[in-house]
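Dear colleague,

Please find below the structure that I am handing over to you. My notes on what was found in it follow directly after.

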Amino acid sequence: MRGTHRTFRIPRPALGVLVGATALFTAGTLATPAGAAPQPGSPAPAPAPAHTVPATAQQQARAFWTPERMRSAVPLDLLDAGARAVGTAPRAGRPATVAPTAPTASAADVGPAAFPNGGGAWTGGGAVVSTAGRVFFTYQGRTASCSGNAVTSANKSTVITAGHCVKLEGAWHTDWVFVPGYHDGQAPHGRWTATKTLSTPQWTASEDINYDVGAAVVAPLDGQRLTDVVGGQGLAFNTGYNQRMYSFGFPAAAPYDGERFIYCSGTTSRDFLLSNDHGMGCDMTGGASGGPWFTRFDEATGTGLQSSVNSFKYNFLPTRMYGPYFGADAQNLYQAAQSS
């Protein structure tokens, strides 16, 4: 399969293609949804694999990403990524939430956003325009892009994205930077270089699409830490399916160009085909991978609880996006990142 999607080579023909390309847990809990209770006797999640970036490589990455290179970066999703695995359903755990730490913002002069919405420019303002951004890196010698989001964390330096936006085809990406609030080749809040990139054990080992979640810990910039500058969104784990959610990203494959901040919204449903992901009507394309999905999203302040990321599409459902369920392994990944 060529074009704006990457084909999953799995036994059932023509089913899966990618489009893409986390404060402590005392903040509060949600009622346990049906089917999300901890599984008695189930093994604890394995440690999240990580790749440490030397200081010299961090400096080189920040200098490497000029406005021209950012504008010309190819959406990762357009590349031929090879075979993908579909493994076990995500491990369940206790529902948990982390509150946003983004500053309060008002969009009182902007009307309510369309809901549901299949893909349009976000004009509501609020914290999300600062916490979300584009991710740039080098993949197989080529400049590439995804999306990501800054979240509340103990180290104030954690970004959540998709697994394939940190590691693909057995190799960790290099020259990795996060550009919150990106627009028109500009980095209004700076280019934040990764000191460490991480993913779930299942994505790292076999690129299992049920676990396509990644994270990065970024270095301080000009003596400041990431969420002290742009704020951090909240998170939610093990909170069930069929949720009202908002998805954001910087799609860069046609008809988009990576220069606009796009959102989708709707009530999600559980994928009934191959994965255990959330599904939402959304026409975002390559480059949107890793962009955040929120529950309890407040349009007036632009804050919510991140509960997934843009991950993949089926080639026969081009207007429906899928994102991994944030279960015990995604929660463990977040804990590993914020503890780094």
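In this predicted model, Thr-138 stands opposite Thr-174, a residue of strand β12. Strand β12 covers residues 174-180 and runs antiparallel to β7, with 5 bridges joining the two.

Strand β7 also pairs with strand β8 (residues 142-150), again in the antiparallel sense, over 8 bridges. Within this pairing, Phe-137 is found opposite Ala-144 of β8. The hairpin of β7 and β8 has 2 residues between the strands, and Gln-140 in this hairpin takes a positive phi near 50°.

Asp-184 is not a glycine, yet it has a positive phi of about 50°. Asp-184 is placed in the loop between β12 and β13 (192-199). Since its relative accessibility is 54%, Asn-242 counts as exposed.

Finally, please note the cis peptide bonds. The bond from Phe-115 to Pro-116 is cis, with omega near -5°, and Pro-116 is in the loop between β5 (96-98) and β6 (117-121). The bond from Ala-254 to Pro-255 is likewise cis, with omega near 10°; Pro-255 lies in the loop between β16 (244-249) and β17 (262-267).

With kind regards

Technical notes
Residues are numbered from 1 along each chain as its sequence is written. This is a predicted model: local features need pLDDT of at least 70, side-chain atom pairs count only at pLDDT 80 or more; totals for chains, interfaces and linings use all residues. Side-chain values use heavy atoms; hydrogens and water are left out. Two strands pair if DSSP finds at least two bridges between them. Helices (H or I, at least four residues) and strands (E, at least two) are DSSP runs, numbered from the N terminus. Buried means under 20% relative accessible area, exposed over 50%, partly exposed in between (1.4 Å probe, protein chains only).
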